[in-house]
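Dear colleague,

I would be grateful if you could read the two side by side.

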Amino acid sequence: MSLLSTLKAPRSLRLALPLLILALLLGGCGSNPPLPSETQTYYVKAGDTFYSIARRYGISVKTLSRLNPDANPSRIEIGDKLKVPTDAVVRHFAYPVSHPDYSSGFGMRDGRMHNGVDFRGPSGTSVLAAGQGKVVFSGNMRGYGRIIIIDHGGGFQTVYAHNSVNLVDKGETVQQGQPVARMGNSGHANGTHVHFEVRIHGQAVNPMSYLR
């Protein structure tokens, strides 16, 4: 069918074409490959599509659909939960403080998503790199105040926020346990603490699953 004939086709046919293309993507050919043995939860973000999520995790749209049989691939919304493969490399991180005093957890809080965990302590307490990596951000960010972001490779990043002072600069390589900041209450913070996040391919996950 030519582009011109498509444009002249009835509206019902034009509306059906995207669904036909999606069906072809989902249908594929041959037998179904085995599904990933381990999965994690992915929360749909603005701009996500079934295709972009599948590509991010290195699977086909068909496999993503099989992992989420109740999801409508053409109608996903921000906040929807999808099963995606657990990253092949399982990382374990050290606590970002030497004497962890847990004050707030990962999940919904006051009607909003809290994307990390908080550890309180005296002002000036050393905030430690949870693992070896490269500093990809050191500065101020709205809400977070003074913040450090470290990239550990394999899609993993850790975040350290509300610092009183940052001790490392963008581009530096840091080692696990190295002081990267001092604890404070910059940004939107209630009391002195470090807000700590673990992100996989940009998606915040529960840090407690990775801390050892």
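**Confidence of the model**

Confidence in the protein is lowest in helix 1 (residues 3-8), with a mean pLDDT of 45, and highest in strand 12 (residues 179-183), at 98. Please bear in mind that this is a predicted model. Over residues 1-7 the pLDDT is below 50, and this stretch has five contacts in the model beyond near neighbours in sequence. Residues 25-30 also have a pLDDT below 50; beyond near neighbours in sequence, seven contacts are found for that stretch. Where pLDDT is low, the predicted coordinates should not be read in detail. For the protein as a whole, the average pLDDT is 83, and 81% of the residues score at least 70.

**Aromatic pairs**

The count of aromatic pairs comes to five. One of them joins Tyr95 and Phe119 edge-to-face, with 5.8 Å from centre to centre and 80 degrees between the planes. Tyr95 lies in the loop between strand 2 (81-85) and strand 3 (102-104), whereas Phe119 belongs to strand 6 (residues 117-120), so the pair ties together parts that are 24 residues apart in sequence. Tyr95 is partly exposed, its relative accessible area being 28%. Phe119 has a relative accessibility of 1%; because buried means under 20%, Phe119 counts as buried.

Phe119 also forms an edge-to-face pair with Tyr102, at 6.2 Å centre to centre and with 65 degrees between the planes. This pair, too, links distant parts of the chain: Tyr102 is in strand 3 and Phe119 in strand 6, 17 residues apart. Tyr102 is partly exposed, with a relative accessible area of 42%. Phe119 is thus the buried partner of Tyr95 and of Tyr102.

Elsewhere, ring pairs link Phe93, Phe156 and Tyr210 into a cluster.

**Strand pairing around strand 8**

Strand 8 (residues 133-141) pairs with strand 11 (residues 173-174) in the antiparallel sense, over two bridges. Strand 8 is also joined to strand 9 (residues 145-153) by seven bridges, and these two strands run antiparallel. Lys134 takes part in both pairings: its bridge partner in strand 11 is Thr173, and in strand 9 Lys134 stands opposite Asp151. The hairpin of strand 8 and strand 9 has three residues between the strands, and in this hairpin Gly143 takes a positive phi near 85 degrees.

With kind regards

Methods:
Residues are numbered from 1 along each chain as its sequence is written. This is a predicted model: local features need pLDDT of at least 70, side-chain atom pairs count only at pLDDT 80 or more; totals for chains, interfaces and linings use all residues. Side-chain values use heavy atoms; hydrogens and water are left out. pLDDT is the predictor's confidence in each residue, from 0 to 100. Helices (H or I, at least four residues) and strands (E, at least two) are DSSP runs, numbered from the N terminus. Contact means heavy atoms within 4.5 Å. Rings of Phe, Tyr and Trp (its six-membered ring) pair if their centres lie within 6.5 Å; planes under 30 degrees apart count as stacked, over 60 as edge-to-face and the rest as tilted. Buried means under 20% relative accessible area, exposed over 50%, partly exposed in between (1.4 Å probe, protein chains only). Two strands pair if DSSP finds at least two bridges between them.
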